[in-house]
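Here are some notes to read alongside the structure, written for someone who is opening it for the first time. Take them in order, with the viewer at hand.

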Amino acid sequence: MEGVMQETHVSFNIAVPVVLSDVQIGNVNMFIVAYDADNVIRKEVHLPTFEPTAKAVRVDSPDLNSSDMYKHKNGMMWGLMFPDTFDYPIEGKEGNLKDAYTYFFEWATSGGTQYQDWYLDKSGYRNSDKIYR
């Protein structure tokens, strides 16, 4: 089954006016919020290099990157943003990004310097059996 594309429009009010040309997708701190089972502890998942809000619970762990709490020390990140459509891997035990995309791990652990096009549908870049269709 092919994925369904859905267009979504988002609007919001801001307290301080900004110049529209200053609003670029790479400068927007998009994140998701998750709570513990008791709905008390607020955890935020941000893209790499972005800072948490004042409401986030900071996590200290030797497994986290010393300069970016939203990355593992090996370079793997908690959030991704794609400049184009993305064919996501099968979920669960049958698949994950590393299995579906040949060069994802190399890209992530190199700090994004190697295989910057790892997500593209190029020969040898994908394991189609591990990608949701």
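1. A word on terms before we start: when I say that two residues touch, or are in contact, I mean that they have heavy atoms within 4.5 Å. Keep in mind too that this is a predicted model.

2. Let's begin with R42, which sits in strand β2. Leaving aside residues up to four places away in sequence, R42 touches F31, V33, A34, Y35, T53, K55, A56 and V57. Is R42 buried or exposed? With a relative accessible area of 16%, R42 is buried, because the cut-off for that class is under 20%. Its side chain also makes a polar contact of 3.0 Å with the side chain of E44.

3. Next, the salt bridges. How many turn up when the whole structure is searched? The count is 5, and I'll go through some of them below.

4. Take D63 and K73, whose side chains meet in a salt bridge at 3.7 Å, N to O. D63 belongs to the loop between β2 (42-46) and β3 (64-65), while K73 belongs to the loop between β4 (68-72) and α1 (97-100), so this pair ties together parts that are 10 residues apart in sequence. As for accessibility, D63 is partly exposed, at 38%, whereas K73 is exposed, at 54%.

5. Now look at D117 and K122. Their side chains form a salt bridge too, with an N to O distance of 2.4 Å. D117 counts as buried, with a relative accessibility of 18%.

6. D121 and R126 make another salt bridge, and here the closest N and O atoms are 3.8 Å apart. Which of the two partners is exposed, and which is buried? D121 is the exposed one, with a relative accessible area of 61%, and R126 is buried, at 16%.

7. On to the backbone. Most residues other than glycine have a negative phi. With that in mind, have a look at N39, whose phi is positive, near 60°, though the residue is not a glycine. You'll find N39 in the loop between β1 (31-35) and β2. N39 counts as exposed, at 57% relative accessibility.

8. T49 belongs with that point, as another residue that is not a glycine but has a positive phi, in this case about 80°. Where does T49 lie? Its place is in the loop between β2 and β3. T49 is exposed, with a relative accessible area of 65%.

9. Last, the largest pocket. How much space lies in it? The figure is about 330 Å³. The lining is made up of 14 residues, and those lying nearest the centre of the pocket are L80, M81, F82, P83 and W107. Sorted by class, the lining has 12 nonpolar residues and 2 polar ones, with no charged residues.

Terms used. Residues numbered from 1 in each chain as written. Predicted model: local features only at pLDDT ≥ 70, side-chain atom pairs only at ≥ 80, totals over all residues. Heavy atoms only, no water. 1 Å grid on protein atoms, 1.4 Å probe; cavity = no way out; pocket = protein on both sides within 12 Å on 5 of 7 lines; lining within 4 Å. Points joined across faces, edges and corners; volume = space filled by probe spheres on them. Nonpolar A, V, L, I, M, F, W, Y, C, P; charged D, E, K, R; others polar. Salt bridge = Lys/Arg side-chain N within 4 Å of Asp/Glu carboxyl O. Helix = DSSP H or I, 4+ residues; strand = E, 2+ residues; numbered from the N terminus. Buried < 20%, exposed > 50% of the residue type's maximum accessible area, 1.4 Å probe, protein only. Polar contact = N/O pair within 3.5 Å; in protein donor to acceptor, adjacent residues only side chain to side chain.
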